[in-house]
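Try each task on your own before you read the solution.

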Amino acid sequence: MFVSVLMTYPATIAIIAETFGQYLIEGLKQVYEIDDEWAPLAQKLFGFSLLMLVTWMNFFSLNKFAARFQIIATAAKLISCFLIIATGLYYYYVKGWRYNLRDPMKGSNYKIGDLILGFYGGLWAYSGWDVLNYSTGEIAKPRRYMFAASRQGHLPACFSCVNADTESPRVAILAQSMLAMAISFVGDLDALIGYVMFGFWAQRIFTLVALLIIRHNRIPVHPEAVRVPLWW
């Protein structure tokens, strides 16, 4: 829990903000001349602007305002993916732009460190599938798990503060945003992705080892726990 709250989730937010700023700067470079010396600073400022906007929106009702924005953002993502795929197919089949696929592995780097970073990047792109196993309840009752964890002593009590009017955990949201801004100065996008994926998979490894120990030593668990074969 502490790794997720203090490192993984804020770093994920920082990566999204940095990516937004980077893409926006690259798009503006096609129209305006931007000094390379000021580009990194502008990239962070754009990312922080997005982060502050999302933070402000989450100060209101999560079931109404933020949820509706999430629907709009999801639709925009799907439309963007469709446009990218359709454009690629058009240029591949109609325009005949296939020279990039003639020797796709040319110039590849096979150093161990770079291969590990490459795996981290791939895992980052497809991470999130496991969230469905434990976060579906958040859709119907957002804030429930963070609120309960704080009340049970797993997190500082301040994170359990919820605004009476909007039912928004403003303290937790603001803390996550501040952590994300601080973590964004740790390194570039590749470094942040490496940190996040290391935290993700370290959590999973320790969790799996703990489950194996529980199964081997027959440690009592919750009566409603689901038991599955080890090979599953």
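Read along the sequence, the protein follows the pattern α-α-α-α-α-α-α-α. The model is predicted, so to speak of a local feature a pLDDT of at least 70 is needed and side-chain atom pairs count only at pLDDT 80 or more, while totals for chains, interfaces and linings use all residues. Residues are numbered from 1 along each chain as its sequence is written, and side-chain values use heavy atoms, with hydrogens and water left out.

**Exercise 1. The overall plan**

Task: Find how many helices and strands the protein has, and what share of its residues is buried.

Solution: Start with the rule: helices (H or I, at least four residues) and strands (E, at least two) are DSSP runs, numbered from the N terminus. The count comes to 8 helices and 0 strands. Next, take the cut-offs for burial: buried means under 20% relative accessible area, exposed over 50%, and partly exposed in between (1.4 Å probe, protein chains only). Of the 232 residues, 22% count as buried. Finally, look at contacts, meaning heavy atoms within 4.5 Å. Among contacts between residues at least 6 apart in sequence, 63% join residues at least 24 apart.

**Exercise 2. The annotated stretches**

Task: Compare the UniProt annotation "transmembrane region" with the model.

Solution: The unreviewed UniProt entry places this annotation on residues 6–25, 45–63, 69–92, 112–129 and 192–214. UniProt positions are given in the numbering used here, feature names are shortened, and annotations may be inferred rather than shown by experiment. Now check two of the stretches. Residues 6–25 are 100% helix and 0% strand, with end C-alpha atoms 29 Å apart. Residues 69–92 are also 100% helix and 0% strand, and here the end C-alpha atoms are 34 Å apart.

**Exercise 3. Checking a helix length**

Task: Does the span of α2 agree or disagree with what 1.5 Å a residue should give?

Solution: The expected span of a helix is 1.5 Å times one less than its number of residues. For the 19 residues of α2 this should give 27 Å, and the end C-alpha atoms are 27 Å apart, which agrees. While you are looking at α2, pick out its buried residues: A39, Q43, K44, G47, F48, L51, T55 and M57. Two of these, L51 and T55, are in contact with S177, leaving aside the neighbours of S177 within four places in sequence. S177 sits in helix α7 (residues 170–183) and counts as buried because its relative accessibility is 5%.

**Exercise 4. Salt bridges**

Solution: A salt bridge is a side-chain nitrogen of Lys or Arg within 4 Å of a carboxyl oxygen of Asp or Glu. The structure holds 3 of them.

- K44 meets E18 at 2.7 Å, N to O. This pair links distant parts of the chain, 26 residues apart: K44 in helix α2 (residues 39–57) and E18 in helix α1 (residues 2–29). Both K44 and E18 are buried.
- E26 pairs with K29, the closest N and O atoms being 3.9 Å apart. They are 3 residues apart in helix α1, so about one helical turn separates them. E26 is partly exposed at 39% relative accessible area, and K29 is partly exposed at 30%.
- D36 meets K29 at 3.7 Å, N to O. D36 is exposed, at 59%. Through shared partners, E26, K29 and D36 join into one network.

**Exercise 5. Aromatic rings**

Task: How are the rings of Y90 and Y91 arranged?

Solution: Rings of Phe, Tyr and Trp (its six-membered ring) pair if their centres lie within 6.5 Å; planes under 30 degrees apart count as stacked, over 60 as edge-to-face and the rest as tilted. This rule gives 4 aromatic pairs. The ring centres of Y90 and Y91 are 5.4 Å apart and the planes are at 85°, so the pair is edge-to-face. Y90 is partly exposed at 41% relative accessibility, and Y91 is partly exposed at 30%. The pair of Y92 and Y93 is edge-to-face too, because the centres are 4.8 Å apart and the planes are at 85°. Ring pairs also link Y90, Y91 and W97 into a cluster.
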